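Subject: The model, and what turned up in it

Hello,

Here is the structure I promised to pass on to you. Please have a look at it first, and then read my notes below.

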Amino acid sequence: MQHAAAPIATGVLLYLLCMAYGIGFSSHYSTLALLSMMLVAIFVKNGLPGNQRLSLFSIHVGSIVTGWILVIGVLLLVGYATKTSAIFSRVTVFAWFLLNPVAILLAQWALQELLVHLVESGSNRRRVVIAGVNGVSKHLARNIFSDDRLGMQLLGFFEDRNPTRFGGL
């Protein structure tokens, strides 16, 4: 689902800009939308980084912008080679070129928030059991309990050795 966020945002933004500027979404624009959606699926990074550190986010933004610049280059090359660039409204296409990275980020953010909400709601939790009781398994259990975004419900431990190993559970 996350792989579709960027291409869908690209096509929807072009459609909305055509409507906002009073341009019909003709077959030329739908072809442009489909071509750009395919190129975005190839060149633009999918999904936001799970870690909320600013450095990872800025790298992600950079990769989206870089991928979108590649898409723009291919689209301009195709428009030049087919002599069809004059068909399109320059204002609409320029606004689309500028706004699309923001639309991609917003779409990916909204989808990630939706997925986090679904996981945290508990309706789709995976039930897990940890085999063996030791320091590592206790640490794993604490991590599972402390992060609802993992979507896991710890049912317990399997341990067939001495019951004193369960100390502190």
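First, the ground rules. This is a predicted model, in which local features need pLDDT of at least 70 and side-chain atom pairs count only at pLDDT 80 or more, while totals for chains, interfaces and linings use all residues. Residues are numbered from 1 along each chain as its sequence is written, and side-chain values use heavy atoms, with hydrogens and water left out.

Confidence and fold

The protein chain has a mean pLDDT of 84, and 83% of its residues reach 70 or more; pLDDT is the predictor's confidence in each residue, from 0 to 100. Among the elements, helix α2 (residues 27-43) has the highest confidence, at a mean of 95, and strand β2 (residues 152-158) the lowest, at 83.

The secondary structure comes to five helices and two strands, running α-α-α-α-β-α-β from the N terminus. Helices (H or I, at least four residues) and strands (E, at least two) are DSSP runs, numbered from the N terminus.

Of the 169 residues in the protein chain, 31% are buried. Buried means under 20% relative accessible area, exposed over 50%, and partly exposed in between (1.4 Å probe, protein chains only). The accessible surface comes to about 10600 Å², with 67% of it belonging to carbon and sulfur atoms; the areas come from the Shrake-Rupley method with a 1.4 Å probe, and for residues only the protein chains shown count as cover. Among contacts (heavy atoms within 4.5 Å) between residues at least 6 apart in sequence, 75% join residues at least 24 apart.

The cores

The largest nonpolar core holds 25 residues, and the members that touch the most others are Leu 14, Leu 32, Val 40, Trp 68, Leu 75, Trp 96 and Phe 97. A nonpolar core here is a set of buried Ala, Val, Leu, Ile, Met, Phe, Trp, Tyr and Cys residues joined through side-chain atoms within 4.5 Å. Helices α1 (2-20), α2, α3 and α4 each supply at least two residues of this core, and the largest share, seven residues, comes from α4. A second, separate core of five residues includes Val 128, Ile 130, Ile 144 and Leu 154.

Leaving aside its neighbours within four places in sequence, Leu 75 is in contact with Leu 32, Leu 35, Ser 36, Leu 39, Trp 96 and Phe 97.

Aromatic pairs

There are five aromatic pairs. Rings of Phe, Tyr and Trp (its six-membered ring) pair if their centres lie within 6.5 Å, and planes under 30 degrees apart count as stacked, over 60 as edge-to-face and the rest as tilted. One of the pairs is Trp 68 with Phe 97, which is edge-to-face at 6.2 Å centre to centre with 75° between the planes. Trp 68 lies in helix α3 (residues 54-82) and Phe 97 in helix α4, so this pair ties together parts that are 29 residues apart in sequence. Both residues are buried, and together with Trp 96 they form one aromatic cluster.

Single residues

Ala 103 lies in helix α4 (residues 90-120) and counts as buried, at 17% relative accessibility. Beyond its neighbours within four places in sequence, Ala 103 is in contact with Ala 9 and Leu 13.

Ser 137, in helix α5 (residues 135-146), is also buried, with a relative accessible area of 5%. A polar atom of the Ser 137 side chain lies 3.2 Å from the backbone oxygen of Gly 132. Sequence neighbours within four places aside, Ser 137 is in contact with Ile 130, Gly 132 and Phe 157.

Ser 30 lies in helix α2 and is partly exposed, at 25% relative accessibility. The side chain of Ser 30 reaches the backbone oxygen of Ser 27 at 2.9 Å.

Finally, Lys 83 lies in the loop between α3 and α4. Lys 83 has a positive phi of about 55° although it is not a glycine, and at 76% relative accessibility it counts as exposed.

Best wishes

Notes: Polar contact = N/O pair within 3.5 Å; in protein donor to acceptor, adjacent residues only side chain to side chain.
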